Amino acid sequence: MTSRGSSGADRGASTPGGGARRLRPGFVIIGILLVASNLRASITAVGPVLDQARAGADLSAIEASALISVPLLAFAAFSPVMPGIAVRFGLERTIGGSLILLAAGIVARSIPGDAFLWAGTLVLGIAIAAINVLLPSVLKRDFPREIGRLTGVYSAVQSAFAAVAAGIAVPIAGISDDGWRIAYGVWAGLAIIAFAAFAPQMRRPGAVTTELRAVQIAEEPARGKSPWTQALAWQVTVFMGLQSTIFYVVITWMPAIEQSVGIDAFTAGWHQSAFQVFGITGTLTAAWMLHKWQRDQRLVVSIYSLSSLLGITGILVNPHITLLWLAMIGFAQGGLIVLALALFGLRTSNHRAAASLSGMAQSIGYLLAAVGPLMIGAIHDATGAWTLPLVVLLGVVALQFVCGVLASRNRVLR
């Protein structure tokens with residue numbers, strides 16, 4: 001498809017019919033980063049004004065937590081089918097269409113009426129699932145020598161916009177009685193901006209990577225044993241699922257926990273921003289540690305799990321200094337998600353096995369993560385307090401640590 005020596009964005013400059021391939025690499029990267037900025041913002045905007053949304057839409061705690069859980073269920077259900085769609089229509093066209101779908105879902109979620117709220121939430125989950133799966137494949141194809149650096153940059157960008165979304169949600173919601181709808185809906189504009197910047201790349205041919213095709217055919221008989229029958233694959237899967245559970249419980253319920261001890265909504269919203277910022281620190285630190293310990297990652301999972309454990313314990317013991325505890329949890333979750341994603345390659349011997357493990361872990365893992373906010377909301381409804389939900393979350397941390405240690409040993413799937 002291309003010659004060796006430079007990035008795909010450069011190499012495609014002379015490809016007939018590849019209009020977007022004549023774009024300068026800098027413009028291509030800007031488009032990719034703007035797309036990445038949409039991967040968390042519409043979700044992290046939910047938690048800081050969840051109490052207003054509950055009152056405005058007359059939702060129970062379980063129903064409110066479903067505003068986070070429904071997109072996760074969409075991730076689990078639709079991630080496996082997205083590679084096949086992209087193989088048929090092309091990476092860029094599928095990503096561009098997903099941005100339009102994302103904008104439509106965000107707008108629908110903000111329109112009064114239960115049907116719009118839930119349909120919009122589901123649609124935006126489907127759109128993010130597609131972008132989540134396909135964007136790394138664009139980097140693999142167009143910038144094969146800069147995957148690590150660009151992956152780190154786009155992960156930092158999505159975390160930065162997630163932090164901004166959490167921080168400004170409360171001020172925007174204060175505009176009017178139904179201001180929470182504006183706080184949720186404003187992020188449709190970011191999706192439209194990203195589409196405008198990414199649109200020139202949609203003119204290129206529908207080329208896909210061999211890795212993407214491997215994901216598409218990951219369910220076909222492979223040379224090795226199926227990951228579904230191997231303990232190591234389940235250890236990786238449960239580790240990723242429990243890590244995601246902790247992350248989404250925190251962004252869903254921590255503002256409500258803070259407000260229950262007298263911290264105002266504005267401050268709680270900016271604390272969520274700090275949580276995301278410290279996640280960036282954890283992400284970058286994990287990248288360094290994984291480079292240092294490429295075979296056995298048990299020390300890595302131990303460091304981050306301890307940080308998470310101390311943070312949640314701190315909230316139980318002294319919730320009035322939640323910013324410190326959220327910094328520790330954010331640092332931990334930023335590092336653990338990098339480890340979870342890295343394990344797909346570290347615990348497999350070839351890209352086909354890695355694709356199979358990724359498909360299994362993301363499907364089952366996001367199902368586990370979707371249950372987390374719902375479970376915590378149900379426990380809070382039953383007890384009327386946050387103590388037992390936080391104790392249960394400590395149990396999740398402990399189980400995640402055990403699975404992480406098992407998954408981090410130096411071995412691969414058969």
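At what angle do helix α14 and helix α16 pack, and how far apart are their axes? I looked this up in a predicted model, where local features need pLDDT of at least 70, side-chain atom pairs count only at pLDDT 80 or more, and totals for chains, interfaces and linings use all residues. Residues are numbered from 1 along each chain as its sequence is written, and side-chain values use heavy atoms, without hydrogens and water.

**Entry 1: α14 and α16.** I find α14 (residues 265-292) and α16 (residues 322-346) packed at about 40°, axes 6 Å apart. Axes are lines fitted to C-alpha atoms over the stretch in contact, with angles from 0 to 180 degrees between N-to-C directions. Helices are DSSP runs (H or I, at least four residues), numbered from the N terminus. The crossing is right-handed (near helix turned clockwise from the far one by less than a right angle). The contact (heavy atoms within 4.5 Å) includes Phe 275 and Phe 278 of α14 and Phe 331 and Val 338 of α16.

**Entry 2: α5 and α13.** I see the axes of α5 (residues 61-78) and α13 (residues 231-260) come within 10 Å and cross at roughly 145°. This crossing is right-handed too. Among the contact residues are Ile 68 and Phe 75 of α5, and Tyr 248 and Trp 253 of α13.

**Entry 3: largest cavity.** I looked up its lining. Helix α13 gives the largest share, four residues.

How values were computed: Helices (H or I, at least four residues) and strands (E, at least two) are DSSP runs, numbered from the N terminus.
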